[in-house]
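Student: I would like to go through this structure with you. Could we start with the terms?

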Amino acid sequence: MKFAIAFLLCILGMSLARPDTILDFEGEDHEHEQEGDAGDKVEGTYSWTSPEGDEFYVKYVADEDGYRIVESNAVPVSHDGVAADGNQGSFTSDEEEAEK
């Protein structure tokens, strides 16, 4: 009986202490880290080194509004000079547009 209680407490402790890290990968010339709640909202960053030795990075968020780049030195600015800042894309659903 004591073993069963200790086992259940151990399982409970591990589930409560679960880190928010979803992905943490580091290769020779590439890194990718993602944190959050899978299926709900995640934030992450990935970076790589080009064959020429240039280092690039992308910081992003993915949630109910979709995947958005928050900051990057790899994504070009628009023809108006606007850089990625997480406000790209439409934040209204097709249903909301149909109701108008």
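Tutor: Buried means under 20% relative accessible area, exposed means over 50%, and partly exposed lies in between, with a 1.4 Å probe and protein chains only. This is a predicted model, in which local features need pLDDT of at least 70 and side-chain atom pairs count only at pLDDT 80 or more, while totals for chains, interfaces and linings use all residues. Residues are numbered from 1 along each chain as its sequence is written, and side-chain values use heavy atoms, leaving out hydrogens and water.

Student: Is Gly39 buried or exposed?

Tutor: Gly39 counts as exposed because its relative accessibility is 89%.

Student: Where is Gly39 found?

Tutor: Gly39 lies in the loop between strand E2 (30–37) and strand E3 (41–49); strands, labelled E, are DSSP runs of at least two residues, numbered from the N terminus.

Student: And how is Phe25 classed, buried or partly exposed?

Tutor: Phe25 has 42% relative accessibility, so it counts as partly exposed. Phe25 belongs to strand E1 (residues 21–26).

Student: Changing topic, which residues does His32 touch?

Tutor: Leaving aside residues up to four places away in sequence, His32 touches Leu23, Asp24, Phe25, Thr45, Tyr46 and Tyr60, where contact means heavy atoms within 4.5 Å. His32 itself sits in strand E2.

Methods
Helix = DSSP H or I, 4+ residues; strand = E, 2+ residues; numbered from the N terminus.
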